[in-house]
Amino acid sequence: MCELREEEEHSKSQVQELESRLAELRSQRAVTPPQEPPAGPSKVEELQKELESLAGQLQAQVEHKEHLRRQNQKQEQRLLELEREAKCQGQQAELHQQILHDMRSYCAAISGVRSQTRQLKEQLAQLQNGFLRLVRSPARPAPSLIRSLGAGRDTSPLWALSSHL
């Protein structure tokens, strides 16, 4: 962009210089009596053509610069859209990571609950087997046996059971 400005300034200064030279030549022509016209194009005509050429070049540069400016605006807009999309995707990735973390925590908790459930089922099966052995045994269970089954638990239901046998 800076180069375009410099070129434009340079072109403008050339145009101004040519215009001033053209004005000088016109004033000299008005002061001096007309002489025989030269065989080729006059100096004024040459300068006029050069001036027109430079003006055309300047116009082309201005149009090119405008085209580049529009392209730059489109690219900036696209960049902003991409930045917004990237930010949105980053937020979604963070959310997915949190969900994944939560799911892993839930799976670990469920695994722990399953393990406890399995242990409780094993304990229940042991207690049921013990109870069935007590109920099916022909002799009355000894209080020491009932105490060992209770081992720190409330054994009153076992004593009540043994009194009914």
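Contact is taken here to mean heavy atoms within 4.5 Å. The structure described is a predicted model. By this definition of contact, Ser-11 touches Leu-58 and Gln-61, leaving aside its neighbours within four places in sequence. Ser-11 lies in helix α1. The relative accessibility of Ser-11 is 8%, and this residue therefore counts as buried, the limit for that class being under 20%.

The protein chain contains 4 helices and 0 strands. Along the sequence, the order of elements reads α-α-α-α. Helix α1 spans residues 2-31, and helix α2 covers residues 43-136. Of the 165 residues in the chain, 12% are classed as buried. The accessible surface of the protein chain amounts to about 13800 Å², of which carbon and sulfur atoms supply 55%. Among contacts in the chain with a separation of 6 or more, 58% involve residues 24 or more positions apart.

The largest nonpolar core consists of 7 residues, namely Val-15, Leu-18, Leu-22, Val-44, Leu-47, Leu-51 and Leu-54. At least two residues of this core come from each of α1 and α2. Helix α2 provides the largest share, with 4 residues. Within this core, Leu-18 is in contact with Leu-47, Leu-51 and Leu-54, and also with Glu-50, when residues up to four places away in sequence are not counted.

Nonpolar side chains are also found at the surface. A nonpolar surface patch is formed by Leu-95, Ile-99, Met-103, Tyr-106 and Ile-110. Together, these five residues have about 510 Å² of accessible area. One member of the patch, Leu-95, is located in helix α2.

The cysteines were considered next. Cys-88 has a relative accessible area of 37% and is therefore partly exposed. Cys-107, at 48% relative accessibility, is likewise placed in the partly exposed class. Both values fall in that class because it lies between the limit for buried, under 20%, and the limit for exposed, over 50%. With a disulfide taken as a pair of cysteine sulfur atoms within 2.5 Å, the count for the model is 0 disulfides.

Conventions. Residues numbered from 1 in each chain as written. Predicted model: local features only at pLDDT ≥ 70, side-chain atom pairs only at ≥ 80, totals over all residues. Heavy atoms only, no water. Patch = residues over 30% accessible without salt bridge, like charges linked within 9 Å, V, L, I, M, F, W, Y side chains within 5 Å. Areas by Shrake-Rupley, 256 points an atom, 1.4 Å probe, with all protein chains shown as cover. Salt bridge = Lys/Arg side-chain N within 4 Å of Asp/Glu carboxyl O. Core = buried A, V, L, I, M, F, W, Y, C linked by side-chain atoms within 4.5 Å. Buried < 20%, exposed > 50% of the residue type's maximum accessible area, 1.4 Å probe, protein only.
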